[in-house]
Amino acid sequence: MIHHVVAWSLREDLDRQQSISRIRELLEGLRGVVSSIRSIAVVENAAYPDRNADVAVVAQFDDLTGLDEYQVHPDHQAAAAEIRGLVTGRTAIDWEA
């Protein structure tokens, strides 16, 4: 199983809750569209806002091939393009367990 986490810092000039809701809609909406997704959830930071990211996506795939399929899927690419307009920073980690 491949675990995929991407965390973002949101733009301060945009409404925080609207941005989080839109990111959630975009990414969780890929469930059933990108067949390699085993689970996907968008989560909001609940602690240490001065040093943590604001929002993250946590997704699982069977293998690296599934993650690669997700990354290049046109609907994911469109979602990522829109998300880039809502955020100022991004960090990610992928691991196998």
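Reader: Which residues does valine 6 touch, not counting residues up to four places away in sequence?

Author: Contact means heavy atoms within 4.5 Å. Here valine 6 touches Val55, Ala56, Val57, Arg90, Thr91 and Ala92, with residues up to four places away in sequence not counted. This is a predicted model, where local features need pLDDT of at least 70 and side-chain atom pairs count only at pLDDT 80 or more, while totals for chains, interfaces and linings use all residues. Residues are numbered from 1 along each chain as its sequence is written, and side-chain values use heavy atoms, with hydrogens and water left out.

Reader: Where does valine 6 lie? Is valine 6 buried or exposed?

Author: Strands (E, at least two residues) and helices (H or I, at least four) are DSSP runs, numbered from the N terminus. Valine 6 lies in strand S1. Buried means under 20% relative accessible area, exposed over 50%, and partly exposed in between (1.4 Å probe, protein chains only). Valine 6 has 3% relative accessibility, so it counts as buried. Valine 6 and alanine 41 are 35 residues apart in sequence, and their C-alpha atoms are 11 Å apart in space.

Reader: What joins the side chains of histidine 4 and aspartate 94?

Author: A polar contact is a pair of N or O atoms within 3.5 Å; within protein, one must be able to donate a hydrogen and the other to accept it, and residues adjacent in sequence count only if both atoms are side-chain atoms. The two side chains of histidine 4 and aspartate 94 are joined by one of 2.4 Å. Histidine 4 is in strand S1. At 2% relative accessibility, histidine 4 counts as buried. Beyond its neighbours within four places in sequence, histidine 4 is in contact with residues including Phe61, Leu67, Tyr70 and Ile93.

Reader: Which backbone nitrogen does the side chain of aspartate 54 reach?

Author: That of leucine 10, at 2.7 Å. Aspartate 54 sits in the loop between S2 and S3. Its relative accessible area is 14%, so aspartate 54 is buried. Among the residues it touches are Trp8, Arg16 and Val43.

Reader: What span should helix H1 have?

Author: The expected span of a helix is 1.5 Å times one less than its number of residues. H1 has 13 residues (16-28) and should span 18 Å; its end C-alpha atoms are 18 Å apart, which agrees.

Reader: Which residues of H1 are buried?

Author: Ser19, Ile20, Ile23, Leu26 and Leu27. They cover an arc of only 130 degrees around the axis, which puts them on the same side of H1. The arc is that of the directions from the helix axis to the C-beta atoms. The face turned away from the buried side of H1 carries the exposed residues Gln18 and Glu25. Cover for the buried residues of H1 includes strand S2 (37-44) and helix H3 (74-84).

Reader: At what angle do H2 and H3 pack?

Author: Axes are lines fitted to C-alpha atoms, for helices over the stretch in contact, and angles run from 0 to 180 degrees between N-to-C directions. H2 and H3 pack at about 60 degrees, with their axes 5 Å apart. They are therefore oblique to each other. Tyr70, Gln71 and Val72 of H2 make the contact with Pro74, His76 and Gln77 of H3. Angles under 35 degrees count as roughly parallel, over 145 as roughly antiparallel, 65 to 115 as roughly perpendicular and the rest as oblique.
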